[in-house]
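Subject: The structure I promised, with notes on what was found

Dear colleague,

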Amino acid sequence: MSEIFTEPQIAELASHSLWRALLVSRLLDEASAGFPPDPGELEVTWQSFCTKNNIDPATPAWVPKEFIGCPPEHLKAVVERQLRLEKWKEAVFESEAEGHFEKRKPQLDRIVYSLLRVKDAGLARELWFRIKENEATFSDLAPQYASGNEIYTAGIVGPVALGAMHPALAVALRQSRAGDLMKPFAVAEWFLVARVEHHLPAEFDKVMKRQMIDELVAQWLESRTHGRPTE
């Protein structure tokens, strides 16, 4: 890192990172202050935490690695803080989670697809024709013509979220039906031969709701920390 940044720049970056971490912590503590867990709820959570981590709840003598730096006697307070934060997140953002999911769904839907990427348009059309005429399969051609990890996966890619891929590829895959071999098309410097194997629509289940709440919290924090001075 010192080859890229000067020492003063490294110090400035560290200062900014520390400042933001402290600011985020302060914002979360202030926002969640009005959501204390009741004693019974805290005790159940604490006992569960100790059982999971093989800790004596009466006299903790060590902390799990993710809590390194926290004195054992303060561990219960840290668990209480986490519980308080979760109560605040659910109280404030749970009602918005499904609406946020609906907006994000086009990027969250996942696809499994077969892919060959080549640099020559004529070769792409030849490979497409061979697959179309059942002269070869993606798995036959992948070891010789695929690029990236597709070489080792018989040309199969995914499941991958549409929002995590090149926008042009995402549009093409979304519009294609499973099993249909797509005509060769260009994405960036590549010519692609592709076929959707499975569409996997995102569902608003318990795990997804948690992800949406976390994204909303991140947006909330960003709106309150972006652009603030480091002094």
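What follows is a walk through the features that were found, grouped by where they sit.

Please keep in mind throughout that this is a predicted model, and that every value in this message was computed from it.

**Backbone geometry**

Most residues other than glycine have a negative phi, and most peptide bonds are trans. The peptide bond that joins Gly158 and Pro159 is cis, with an omega of about 10°, and Pro159 belongs to strand E2, which covers residues 156-161.

The other two places concern phi. Asn134 is not a glycine, and yet its phi is positive, at about 60°; you will find Asn134 in the loop that runs between helix H4 (121-132) and helix H5 (138-145). Because its relative accessible area is 71%, and the cut-off for exposed is over 50%, Asn134 counts as exposed. Ala154, which is not a glycine either, also has a positive phi of about 60°, and its place is in the loop between H5 and E2. With a relative accessible area of 33%, Ala154 is partly exposed.

**Salt bridges**

In total, the count of salt bridges comes to 17. One of them brings together the side chains of Arg81 and Asp29, with a distance of 2.7 Å from N to O. This pair links distant parts of the chain, since Arg81 is in helix H3 (residues 75-108) while Asp29 is in helix H1 (residues 7-32), and the two are 52 residues apart. Both partners are partly exposed, Arg81 at 25% relative accessibility and Asp29 at 28%.

Another salt bridge is formed by Arg177 and Asp180, whose closest N and O atoms are 3.0 Å apart. Here Arg177 is exposed, with a relative accessible area of 61%, whereas Asp180 counts as partly exposed at 29%.

A further salt bridge is found between Glu197 and Arg195, where the closest N and O atoms are 2.8 Å apart. Glu197 is partly exposed at a relative accessible area of 21%, and Arg195 is likewise partly exposed at 23%. Elsewhere, salt bridges that share partners join Glu86, Lys89, Glu90, Arg210 and Asp214 into one network.

Since buried means under 20% relative accessible area, Leu28 counts as buried at 12%. As a sense of scale, Leu28 and Lys119 are 91 residues apart in sequence and 50 Å apart in space, from C-alpha to C-alpha.

The second residue, Asp109, lies in the loop between H3 and strand E1 (110-118), and at 10% relative accessibility Asp109 also counts as buried. Its side chain makes a polar contact with the side chain of Lys105, at 2.9 Å, and a polar atom of the Asp109 side chain lies 2.7 Å from the backbone nitrogen of Ala202. Not counting residues up to four places away in sequence, Asp109 touches Val160, Ala161, Leu162, Arg174, Leu200, Pro201 and Ala202.

Finally, where do the buried residues of H6 fall when the helix is seen down its axis? The buried residues of helix H6, which spans residues 167-175, are Leu169, Ala170, Ala172 and Leu173. Seen down the axis of H6, these residues fall within an arc of 165°, so they line one face of the helix. The face turned away from that buried side carries the exposed residues Pro167 and Gln175. As for what covers the buried residues of H6, this includes E1, strand E3 (185-187) and strand E4 (190-200).

A colleague

Methods
Residues numbered from 1 in each chain as written. Predicted model: local features only at pLDDT ≥ 70, side-chain atom pairs only at ≥ 80, totals over all residues. Heavy atoms only, no water. Helix = DSSP H or I, 4+ residues; strand = E, 2+ residues; numbered from the N terminus. Buried < 20%, exposed > 50% of the residue type's maximum accessible area, 1.4 Å probe, protein only. Salt bridge = Lys/Arg side-chain N within 4 Å of Asp/Glu carboxyl O. Polar contact = N/O pair within 3.5 Å; in protein donor to acceptor, adjacent residues only side chain to side chain. Contact = heavy atoms within 4.5 Å. Arc of directions from axis to C-beta.
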